[in-house]
Amino acid sequence: MQISTHVSLADVEKSNTAIRKGIKNTLPPEYLENAKHVAKLYDQIYEHFAGDVYINSFFRSEKLNKVIGGSSTSQHCFGQAIDIEGKNGVTNKQVLDYARTLDFDQVISEFQDAKGEPQWVHISRKLQGNRGQVLKAVKKSGKTTYVKF
């Protein structure tokens, strides 16, 4: 089932960690509209980069989120967030820069290297009340924190 032009329900629920650990990662029906709404952002990014991006992570069930050490308030758990990476010469920094031009709740540069290249880009959007926050994830004393970017 397609939920947007370039995102299927299978894309939303796909998780290599869930597969490896035997964890069910099924999007609850009450979060389908959230997923459709944020998938439209992915469509814009996908089209801007002519398909040279991919979804690293989308929905996470509560059990999967615990296994990977995610925040209990992660928007991934509500189908409101996607982690995206560039491919075929599209850098994550380019994805980040373009994502910042869209209508979003949060754009997060996840764990930048010395050159400022994020390992991946987190983008989220809610049905209403988007904050337009641009953040970067950093490790401080072994714990992930988010600071304004």
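Leaving aside its neighbours within four places in sequence, which residues is Q112 in contact with? In this predicted model, the contacts of Q112 beyond those neighbours are with E117, P118, K136 and F149. Q112 itself sits in the loop between β3 and β4. K93 is 19 residues away from Q112 in sequence, and the C-alpha atoms of the two are 9.2 Å apart in space.

The strands of the model were examined next. Strands of a sheet pair through backbone hydrogen bonds, and the pairing is either parallel or antiparallel. Here, six strands make up an open sheet with mixed pairing, and their order is β1-β2-β4-β3-β5-β6. The edges of the sheet are taken by β1 (53-57) and β6 (143-148). Each of these two strands has a single partner strand, so one side of each is left without a neighbour in the sheet. From one strand to the next, the twist averages 30°.

Within the sheet, β3 (residues 106-110) and β5 (residues 133-140) are paired in the parallel sense, and five bridges join them. I108 has L135 in β5 as its bridge partner. Helix α3 packs on the sheet, where it touches β1, β2 and β4 (120-124). The direction of α3 makes about 15° with that of β2.

Aromatic side chains were also compared. A pair of aromatic rings is described by the distance of the centres and the angle of the planes. Four aromatic pairs are found in a search of the whole structure. One of them is formed by Y31 and F78: the ring centres are 5.5 Å apart and the planes stand at 80°, so the pair is edge-to-face. An angle over 60 degrees is what this class requires. Y31 belongs to the loop between α2 (16-21) and α3 (32-48), while F78 belongs to the loop between α4 (62-68) and β2 (81-86). The pair therefore ties together parts that are 47 residues apart in sequence. F78 is partly exposed, and its relative accessible area is 30%.

Finally, the open space in the model was considered. The largest pocket holds about 960 Å³ of space. It is lined by 32 residues, of which R60, I68, H76, D83 and W120 are the closest to its centre. Two or more lining residues come from each of the elements α2, β1, α4, β3, β4, β5 and β6.

Methods
Residues numbered from 1 in each chain as written. Predicted model: local features only at pLDDT ≥ 70, side-chain atom pairs only at ≥ 80, totals over all residues. Heavy atoms only, no water. Phe/Tyr/Trp six-rings, centres within 6.5 Å; stacked < 30°, edge-to-face > 60°. Helix = DSSP H or I, 4+ residues; strand = E, 2+ residues; numbered from the N terminus. Buried < 20%, exposed > 50% of the residue type's maximum accessible area, 1.4 Å probe, protein only. Pairing = 2+ DSSP bridges. Axes fitted to C-alpha atoms, helices over the stretch in contact; angles between N-to-C directions. Contact = heavy atoms within 4.5 Å. 1 Å grid on protein atoms, 1.4 Å probe; cavity = no way out; pocket = protein on both sides within 12 Å on 5 of 7 lines; lining within 4 Å. Points joined across faces, edges and corners; volume = space filled by probe spheres on them.
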